[in-house]
Amino acid sequence: MATLARLQARSSTVGNQYYFRNSVVDPFRKKENDAAVKIQSWFRGCQVRAYIRHLNRIVTVIQKWWRSFLGRKQYQLTVQVAYYTMMMNLYNAMAVRIQRRWRGYRVRKYLFNYYYLKEYLKVVSETNDAIRKALEEFAEMKEREEKKANHEREEKKRDYQARKMHYLLSTKQIPGIYNSPFRKEPDPRELQLQKAKPLTHRRPKVKQKDSTSLTDWLACTSTRSFPRSEILPPINRKQCQGPFRDITEVLEQRYKPLEPTLRVAEPIDELKLAREELRREEWLRNVNDNMFLPFSSYHKNEKYIPSMHLSSKYAPISYKEQFRSENPKKWICDKDFQTVLPSFELFSKYGKLYSKAGQIV
């Protein structure tokens, strides 16, 4: 009881002390709280930074592996393109070598064979010599024949001239122009005139018509229908000696009939006749002479004959389709045609892959 009384007496002082102590402890508690918050924030910051460094190392490793994978893939593509290029170059070189060997063999064997060409040229030269010799002999023979013909022609001409000028032959009474007294020997022309015979002109034969009978005279009804008298024959007279032409030839040339010019000979309607002839030829050249009647029912019973490309067993080609157009419905199989890609197409194809790989990186 004494203790309880003592505690009750001291309760006021205890409350004051408790309040005083609590008031003194609050600043230290706040300071400690701030220090704890600071320590926690620093520690958590260290944890976050350590985690970020860990993530950065992991991402670097992933990027390194991915980039190494892309690099190996690109290197494989480069090696593959180089391999295909090298193989195409090798195949081209081998093809060129084979072609060169074959062409050289063919040229040496068939086109430019030295021994065959030598033998051929030898035979050609021998044949040319024989033909040239034969041609020379033929030319000499032709020249001799031509000279002989010319000589005979000249002889005939001189003989004809001598016969034509036979009146110039010298006689005992009158010396000729070729027999000059100043010559020791007579002129060869004089000797030729002595050998030649004088030229005699043949008289033209006159056709004699049948004499008119009494019945012809009795059948005449008018004076104009009387039969005309015959042409009188020419008077027989001696032909003049000298280089004169025949009278009939001179008269024929003098009374030659008139020849009309081209303008007079052609008719006036020549153009019209020519056009009619041209129209007649065009009508003969026509294959189909049927009249075209578009607005009548004349041809409705005739059967239509389609053209060749429409009457085929294959379907007609539409105008919309092009030459290289594809119709998968008519294919035999579902697969498309595959062609061998040359080196430049492979390079372009793999170049696109390179560009895509660079975009991925």
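The structure is a predicted model, in which local features need pLDDT of at least 70 and side-chain atom pairs count only at pLDDT 80 or more, while totals for chains, interfaces and linings use all residues. Residues are numbered from 1 along each chain as its sequence is written, and side-chain values use heavy atoms, with hydrogens and water left out.

The chain contains nine helices and zero strands. Helices (H or I, at least four residues) and strands (E, at least two) are taken as DSSP runs and numbered from the N terminus. Along the sequence, the pattern reads α-α-α-α-α-α-α-α-α. Of the 361 residues in the chain, 6% are buried. Here, buried means under 20% relative accessible area, exposed means over 50%, and partly exposed covers the range in between (1.4 Å probe, protein chains only). Accessible areas were computed by the Shrake-Rupley method with a 1.4 Å probe, and for residues only the protein chains shown count as cover.

Helix α2 spans residues 11-111 and includes Arg108. Patches consist of residues with over 30% relative accessible area and no salt bridge, with like charges joined within 9 Å and nonpolar side chains (Val, Leu, Ile, Met, Phe, Trp, Tyr) joined within 5 Å. Lys and Arg count as positive and Asp and Glu as negative, whereas His and the chain ends are not counted. The place of a charge is taken as NZ of Lys, CZ of Arg, CG of Asp or CD of Glu. Arg108 is classed as exposed because its relative accessibility is 55%.

A nonpolar surface patch is formed by Trp102, Tyr105, Tyr110, Leu111 and Phe112, which together have about 630 Å² of accessible area. Leu111 belongs to helix α2 and is partly exposed, at a relative accessible area of 46%. Tyr105 also counts as partly exposed, with 41% relative accessibility.

Three aromatic pairs were found in a search of the whole structure. One of them joins Trp102 and Tyr105 in a tilted arrangement, with 5.8 Å centre to centre and 35° between the planes. Rings of Phe, Tyr and Trp (its six-membered ring) pair if their centres lie within 6.5 Å; planes under 30 degrees apart count as stacked, over 60 as edge-to-face and the rest as tilted. Trp102 and Tyr105 are three residues apart in helix α2, so about one helical turn separates them.

Side chains of opposite charge can pair when their charged atoms come close. The structure holds four salt bridges, each defined as a side-chain nitrogen of Lys or Arg within 4 Å of a carboxyl oxygen of Asp or Glu. Among them is the bridge between Arg132 and Asp129, whose closest N and O atoms are 3.1 Å apart. Both residues lie in helix α3 (residues 114-164), three residues apart, or about one turn of the helix. Arg132 is partly exposed at 43% relative accessibility, and Asp129 is partly exposed at 45%.

Another salt bridge links the side chains of Glu143 and Lys147, at 3.6 Å from N to O. These two residues are four positions apart in helix α3, so about one helical turn lies between them. Glu143 counts as partly exposed at 44% relative accessibility, whereas Lys147 is exposed, with a relative accessible area of 53%.

A further bridge is formed by Arg158 and Glu155, with the closest N and O atoms 2.5 Å apart. Arg158 and Glu155 are three residues apart in helix α3 and are therefore separated by about one helical turn. Arg158 has a relative accessible area of 30% and is partly exposed; Glu155 is likewise partly exposed, at 35%.

Two loop positions were also examined. Thr200 lies in the loop between α4 (188-195) and α5 (214-219) and is exposed, with a relative accessible area of 61%. Although Thr200 and Arg163 are 37 residues apart in sequence, their C-alpha atoms are 8.8 Å apart in space. Glu266 occupies the loop between α7 (262-265) and α8 (270-285), and its relative accessibility of 40% makes Glu266 partly exposed. Together with Asp269, Glu270 and Glu276, Glu266 contributes to a patch of negative charge on the surface.
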